[in-house]
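Here is a short briefing on one protein chain. Look over the sequence and the 3D structure, then read on.

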Amino acid sequence: MNKAVFKLTRELAVIFSGMETIVLINQDYFMRGMMNLFLLILFLTTSHLFEKRYQKISVSYIYVFIVVFIINSLTASAFTPTMIDQMNADKTFGHWIGDYYELYFWTVLIVYAVVMFYLRFSPAPEPAEAEPEEDFSPVHSNNCLVGCILLIGIYAVVHIYEAIIPVFAYLVHQLVYDKKHPKGKYIFVMLIAAAVGREAFTQRFKFVQIMLPIFFIFLIKNNSQKKVNIFKVNVCAMIGVLAGCLYGVVSEVYKLNHDYNGQYRIQDIITNTEMLFTFFYRQFYRVFAIWIKLGGYIIYHTQVNGFYYGITYIKPFAGIFGFQYVSLPIIAAWYDQASYAQPGLLAEGYANFGVIGAALNLLAVFFFMEYTWNKYRRKPSIINLLFAVVPFSQILLDGGTLNSAIYLFALSMFVNIINIIGEQRSRNHVKISENMKI
């Protein structure tokens with residue numbers, strides 16, 4: 001299965017990048033087309049190195065495919081000056097500042113160079129052969145359920161929806177993979193989480209962030225070595241994309257009707273080819289293209305006003321120590337005439353330290369992903385799996401930052417907090433006993 005996914009991503013990369021290159025050359029963007037093809041070759045090389053190193057799909061590979069290749073390479077090159085001028089004239093998705101593809105190209109080039117060097121020359125940790133038994137021991141799982149209830153309580157009191165993301169990931173994992181014990185306790189806690197967090201399921205960006213780690217868990221845990229029909233994988237992938245688009249259409253119609261007094265009907269959209277294409281195109285914009293527009297705001301703003309040299313990163317400490325900080329989402333929202341607009345990793349890094357900062361920001365997230373992935377490979381427990389998948393759902397689909405990944409990593413620790421406290425007490429007890437013997 002994992003080899004099939006590697007093959008599928010490479011096929012999609014070649015197909016879409018090839019089609020885009022033809023369009024660019026036909027529009028007299030020959031050099032841009034060649035730059036696009038060069039980045040495609042770097043992605044294919046990186047993909048091959050990933051497969052050779054791990055043989056399994058990791059979140060860091062999905063990150064390279066979606067964020068580095070699809071968004072900051074392929075989508076960035078697609079929005080040419082001619083296309084941007086046309087969209088501004090038609091008022092398509094608001095106002096677009098300008099074309100910064102050359103900046104994106106050099107940033108992504110640096111990222112690929114570092115990632116390929118790392119994959120080729122750094123030693124890969126030896127993976128463990130089996131899962132630790134404590135994942136399914138009654139004491140360990142009961143303690144984790146207490147941690148889940150604690151996170152549900154945090155969500156109920158302070159309405160931090162991120163708190164229930166690791167809860168659902170843990171419970172679904174146990175429901176599927178715990179073959180030793182009754183599933184009733186997991187179902188009961190899941191029903192509580194669903195009842196308390198029902199509001200999160202009505203908002204698309206929250207629902208996707210809950211479901212994405214669950215999808216990654218199934219992808220990573222698939223250890224089948226059987227030969228997989230790549231045609232079936234392609235068909236399943238297309239069905240998945242179609243289902244995702246349809247969900248996006250349904251959720252957008254709900255939002256337009258519920259929040260903006262719209263009068264849209266799902267059956268009218270599905271039966272009207274032009275309307276359906278328009279709504280599907282909006283889903284592509286919300287997942288991929290929006291980061292090029294919002295990133296463009298920040299790049300333009302920085303080029304006019306100067307770099308921020310790190311002060312956009314200190315927001316978590318500003319309230320504690322009284323620091324002054326700059327909020328890039330507020331700046332992007334001002335340009336976009338919205339309330340809040342996260343501009344994405346590349347733009348955040350560029351706003352602080354230019355192209356090098358943009359590359360370092362993308363690489364920092366990549367190496368954090370690699371750290372959590374290798375931590376799981378060394379000890380493939382459910383907690384380490386949560387660390388490897390939960391922190392990055394915002395980054396992959398909602399413009400999250402390294403700070404958001406660290407924040408979700410910390411929340412994931414709450415699932416195991418009782419076991420951590422118990423292990424620490426046991427170690428302290430052993431030390432005291434040893435000292436008394438001496």
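How many salt bridges does the structure hold? The structure holds five. A salt bridge here is a side-chain nitrogen of Lys or Arg within 4 Å of a carboxyl oxygen of Asp or Glu. This is a predicted model: local features need pLDDT of at least 70, side-chain atom pairs count only at pLDDT 80 or more, and totals for chains, interfaces and linings use all residues. Residues are numbered from 1 along each chain as its sequence is written, and side-chain values use heavy atoms, with hydrogens and water left out.

**Overall build**

- The chain has 19 helices and zero strands. Both are DSSP runs numbered from the N terminus: helices are H or I with at least four residues, strands are E with at least two.
- Of the 438 residues in the chain, 48% are buried. Buried means under 20% relative accessible area, exposed means over 50%, and partly exposed lies in between (1.4 Å probe, protein chains only).
- Take the contacts in the chain with a separation of 6 or more: 75% of them join residues 24 or more positions apart. Contact means heavy atoms within 4.5 Å.

- Side chains of opposite charge can pair when their charged atoms come close.
- Lys293 and Asp336 meet in a salt bridge, at 2.8 Å from N to O. This pair links distant parts of the chain: Lys293 sits in helix α12 (residues 273–305) and Asp336 in helix α14 (residues 328–336), 43 residues apart. Lys293 is buried, because its relative accessible area is 3%.
- Lys206 pairs with Glu199, and their closest N and O atoms are 3.1 Å apart. Lys206 counts as buried at 10% relative accessibility. Glu199 counts as partly exposed at 35%.
- Arg265 and Asp268 form another salt bridge (3.8 Å, N to O). Arg265 is partly exposed at 46% relative accessible area, and Asp268 is partly exposed at 35%.

**The nonpolar core**

- The largest nonpolar core holds 119 residues. Such a core is a set of buried Ala, Val, Leu, Ile, Met, Phe, Trp, Tyr and Cys residues joined through side-chain atoms within 4.5 Å.
- Helix α15 (residues 345–378) gives the most to this core, with 15 residues.
- Among the members that touch the most others are Phe50, Phe69 and Tyr112.
- Leaving aside neighbours within four places in sequence, Phe69 is in contact with residues including Ala13, Leu40, Phe43 and Tyr112.

**A buried serine**

- Ser141 lies in helix α6 (residues 138–158). Ser141 is buried, because its relative accessible area is 0%.
- Beyond four places in sequence, Ser141 is in contact with Asp135, Tyr170, Gln174, Lys185 and Tyr186.
- The C-alpha atoms of Ser141 and Asn419 are 9.3 Å apart, although 278 residues separate the two along the chain.

**Helix α2 and the surface**

- The 25 residues of α2 should span 36 Å at 1.5 Å a residue, and its end C-alpha atoms are 36 Å apart, which agrees. The expected span is 1.5 Å times one less than the number of residues in the helix.
- Just after α2, Gln55 takes a positive phi of about 65 degrees.
- Ile25, Phe30, Met31 and Met34 form a nonpolar patch on the surface. Patches are made of residues with over 30% relative accessible area and no salt bridge; like charges are joined within 9 Å, nonpolar side chains (Val, Leu, Ile, Met, Phe, Trp, Tyr) within 5 Å.
- Helix α2 (residues 30–54) gives the most to the nonpolar patch, with three residues.

Definitions and conventions. Areas by Shrake-Rupley, 256 points an atom, 1.4 Å probe, with all protein chains shown as cover.
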